[in-house]
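Reader: I would like a close look at a single part of this model, followed by what surrounds it. Please keep to plain terms.

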Amino acid sequence: ALAGATRAGRRAIAVVASAGSTATGAFDPLEPVADFAQAHGLWFHVDGAHGAAASLSPKYRAQVKGIERADSVVWDAHKGLLMPALVTAVLFRDGARSFDAFSQEAHYLFHGDGDDARPYSDVGLRTLECTKEMMPLKVYACLSVLGTRVFEEAVTASYDQARRFAGMLTAAPDFQLALEPDCNIVCFRHTPAHVPPEGWDALQVRLREELVSRGSFYLVQTRLPRGVYLRTTLIHPLTGDADLEALLDALRRAARP
Ligand SMILES: *Cc1c(COP(=O)(O)O)cnc(C)c1O
């Protein structure tokens, strides 16, 4: 892609890797991407909105090996870390660079003196909005009272559960798993014998609408190269394996002719 862009007269400035892609939660191999970015003098950004939290789990940390080499990382505490929305961060390897990426001028707020450029200074200088919520307070409160262990356990438990759910789906003859989950996102579809393969996409759409409007389960859907799949993100600490069995049964019942 870089060679193609260069030939077309475009100048690439960055490589963006996914640490937990939005649709399937698949992780790019960050180490080789970091090598590539370094070799070509490109900024290395990791979209870890969902998956950077894996770094807190000793069991699943290998998933984000290489993230420590990123120039910048986006990370959402309202995803893997149980925080109420919204707590989102852009982490820079070198804090000073954050002023190069975004900066704004407002002579009634910022005075261009040395104080403006210090890393701890008004974040208004480096963001698009002006008034902001004090987002990090929620994370700070949890860290200072509970330490990192509560986060570590939440990540490990949800990733473990996704693997068990994938096992349940693989064992069920009337369900298909889209791919082995890298994190706590599981994509799958219901393929009962009475529906021919050409009807599977429409079936997933109908099943999702039905379950969500009934209010018993909340699922989303996504379109993958092989068709429409149901998608679930296992994040609530009180979700148990029995709930997942119940989900499969609810889908079976809703699919019956
Ligand atoms: C959730 C997600 C986003 C969007 O993040 P929000 O801060 O919740 O809007 C971006 N990228 C990825 C990979 C995500 O999973």
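Is Asp 76 buried or exposed, and what is its relative accessible area?

Author: Asp 76 is buried in this predicted model. Its relative accessible area is 7%, and buried means under 20%, so Asp 76 falls under that cut-off.

The residue lies in strand β3, which covers residues 72–76. If neighbours within four places in sequence are set aside, Asp 76 is in contact with Gly 48, Ala 49, Val 87 and Thr 88.

The loop between α3 (77–80) and β4 (88–92) comes next, and Leu 86 has its place there. Ala 85 and Leu 86 are joined by a cis peptide bond, with omega at about 10 degrees. Leu 82 is in the loop between α3 and β4 as well. Although Leu 82 is not a glycine, its phi is positive, at about 65 degrees. Leu 82 is partly exposed, and its relative accessible area is 40%.

Among the buried residues of α6 are Phe 151, Val 155, Tyr 159, Phe 165, Met 168 and Leu 169. Helix α6 takes in residues 149–171, 23 residues that should span 33 Å at 1.5 Å a residue. The C-alpha atoms at its ends are 33 Å apart, which agrees.

Trp 200, Leu 203, Gln 204, Leu 207 and Leu 211 are buried in α7. Seen down the axis of α7, these buried residues fall within an arc of 100 degrees, so they line one face of the helix. They pack against β5 (175–177), β6 (185–190), β7 (220–224), β8 (227–233) and α8 (241–255). On the face turned away from the buried side, α7 carries the exposed residues Ala 202, Glu 209 and Ser 213. Just after α7 comes Gly 215, which takes a positive phi of about 90 degrees.

Asp 201 is another aspartate to look at, and it is found in α7. Asp 201 counts as partly exposed, at 26% relative accessibility. Apart from neighbours within four places in sequence, Asp 201 is in contact with Arg 189, Arg 223, Gly 227 and Val 228. Asp 201 and Val 228 are 27 residues apart in sequence, and their C-alpha atoms are 5.0 Å apart in space.

Last, the chain as a whole. The protein chain has 8 helices and 8 strands, and 39% of its 257 residues count as buried. Its C-alpha trace spans about 70 × 55 × 35 Å along the principal axes. Of the contacts between residues at least 6 apart in sequence, 59% join residues at least 24 apart. The chain exposes about 14,500 Å², and carbon and sulfur atoms supply 58% of that area. It has 27 positive and 30 negative charges, and the mean positions of the two groups are 5 Å apart.

Methods. Residues are numbered from 1 along each chain as its sequence is written. This is a predicted model: local features need pLDDT of at least 70, side-chain atom pairs count only at pLDDT 80 or more; totals for chains, interfaces and linings use all residues. Side-chain values use heavy atoms; hydrogens and water are left out. Helices (H or I, at least four residues) and strands (E, at least two) are DSSP runs, numbered from the N terminus. Buried means under 20% relative accessible area, exposed over 50%, partly exposed in between (1.4 Å probe, protein chains only). Contact means heavy atoms within 4.5 Å. Accessible areas come from the Shrake-Rupley method with a 1.4 Å probe; for residues, only the protein chains shown count as cover. Lys and Arg count as positive and Asp and Glu as negative; His and the chain ends are not counted. The place of a charge is taken as NZ of Lys, CZ of Arg, CG of Asp or CD of Glu. The arc is that of the directions from the helix axis to the C-beta atoms. The expected span of a helix is 1.5 Å times one less than its number of residues.
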